[in-house]
Amino acid sequence: MCPRYQNVIQTYGMGCLLNFVRTEVPLRLVKWLASRFDVPSSEFQFERKFIPMTKYDIHDILDLPVDGEPLVSDPESGRDFILSHFNVSSIPPVSFFASKLKSTEVELSDEDIFICFMIVALSSFLCPNSSLSPSPKYLHIFQDCQSVRSYDLSSFVYEWLLSSIKKFKDATKVA
């Protein structure tokens, strides 16, 4: 990522996300860890060892903002904002936002750089889903990019993780 884009992301308070290097994590390891996680108690359970997990652990690992304003999902508002802002008729796939960041043909505004970067980071790393498109649950926060750092993103990512593990465990019970 070019220095200008990195500077923009730093300026909006999300420079912590620039420190992560893409790595591969074996799917078997991910499934094994998820199977050892007890959602109600929010802890990993390994025989006689119990390792609790909280939003503060997410903060410690990812350095995302913590204890800020709760990020209350507003899918309609988020969808409407993205449709209007990018002049599209449906929520585009994550690749649309990644392509904007990679393109040298169009000069992006600082706000567009931040929105595209955060949508890619949220969709592929922080709050992934099984869709090719970003979840509209968090898109409304980009209506005011300066305020994104004021949200309790650690809590949002933590709750997303718990929900995803619960879905995984429920699906494996049925299978």
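Phe114 counts as buried, at 0% relative accessibility; buried stands for under 20% relative accessible area, exposed for over 50%, and partly exposed for what lies in between (1.4 Å probe, protein chains only). The model is predicted: local features need pLDDT of at least 70, side-chain atom pairs count only at pLDDT 80 or more, and totals for chains, interfaces and linings use all residues. Residues are numbered from 1 along each chain as its sequence is written, and side-chain values use heavy atoms, with hydrogens and water left out.

A search of the whole structure finds twelve aromatic pairs. One of them joins Tyr12 and Phe114, whose ring centres lie 4.5 Å apart with planes at 20 degrees, so the pair is stacked. Rings of Phe, Tyr and Trp (its six-membered ring) pair if their centres lie within 6.5 Å; planes under 30 degrees apart count as stacked, over 60 as edge-to-face and the rest as tilted. The Tyr12 and Phe114 pair links distant parts of the chain. Tyr12 sits in the loop between helix H1 (3-11) and helix H2 (27-35), Phe114 in helix H6, 102 residues apart. Helices (H or I, at least four residues) and strands (E, at least two) are DSSP runs, numbered from the N terminus. Tyr12 is buried, with a relative accessible area of 9%.

The rings of Phe20 and Phe125 have centres 5.2 Å apart and planes at 50 degrees, so this pair is tilted. Phe20 lies in the loop between H1 and H2 and Phe125 in helix H6, so the pair ties together parts that are 105 residues apart in sequence. Phe20 is partly exposed, at 36% relative accessibility. Phe125 is also partly exposed, at 42%. Elsewhere, Trp32, Phe37, Phe44 and Phe46 form one aromatic cluster.

Helix H6 also holds Ser124. A polar atom of the Ser124 side chain lies 2.5 Å from the backbone oxygen of Val120. A polar contact is a pair of N or O atoms within 3.5 Å; within protein, one must be able to donate a hydrogen and the other to accept it, and residues adjacent in sequence count only if both atoms are side-chain atoms. Ser124 and Pro134 are ten residues apart in sequence, and their C-alpha atoms are 8.6 Å apart.

His140 is found in the loop between helix H6 (110-126) and helix H7 (153-174). At 11% relative accessibility, His140 is buried. The His140 side chain reaches the backbone oxygen of Val72 at 3.0 Å. Leaving aside neighbours within four places in sequence, His140 is in contact (heavy atoms within 4.5 Å) with Leu71, Val72, Ser73, Asp74, Ser77 and Gly78. Gly78 belongs to helix H4 (residues 75-85), where Gly78, Phe81, Ile82 and Leu83 are buried. The buried residues of H4 pack against helix H5 (94-102) and H6. Asn87 follows H4 and has a positive phi, near 55 degrees.

Two helices cross H7. Helix H3 (residues 55-62) packs against H7 at an angle of about 110 degrees, with the axes 8 Å apart. That makes H3 roughly perpendicular to H7. Axes are lines fitted to C-alpha atoms, for helices over the stretch in contact, and angles run from 0 to 180 degrees between N-to-C directions. Angles under 35 degrees count as roughly parallel, over 145 as roughly antiparallel, 65 to 115 as roughly perpendicular and the rest as oblique. The contact is made by Lys55, Ile58, His59 and Leu62 of H3 and Ser154, Ser155, Val157, Tyr158 and Leu161 of H7. Lys55 is buried, at 18% relative accessibility. Not counting residues up to four places away in sequence, Lys55 touches Val66, Asp67, Asp152, Ser154, Ser155 and Tyr158.

The axes of H2 and H7 come within 10 Å and cross at roughly 95 degrees. That makes H2 roughly perpendicular to H7. Lys31, Ala34 and Ser35 of H2 meet Ile165, Phe168 and Lys169 of H7.

Most residues other than glycine have a negative phi. Asp67, not a glycine, has a positive phi of about 65 degrees. Asp67 lies in the loop between H3 and H4 and is partly exposed, at 47% relative accessibility. Ser42 has a positive phi near 55 degrees. Ser42 is placed in the loop between strand E1 (37-38) and strand E2 (43-46) and is buried, at 8% relative accessibility.
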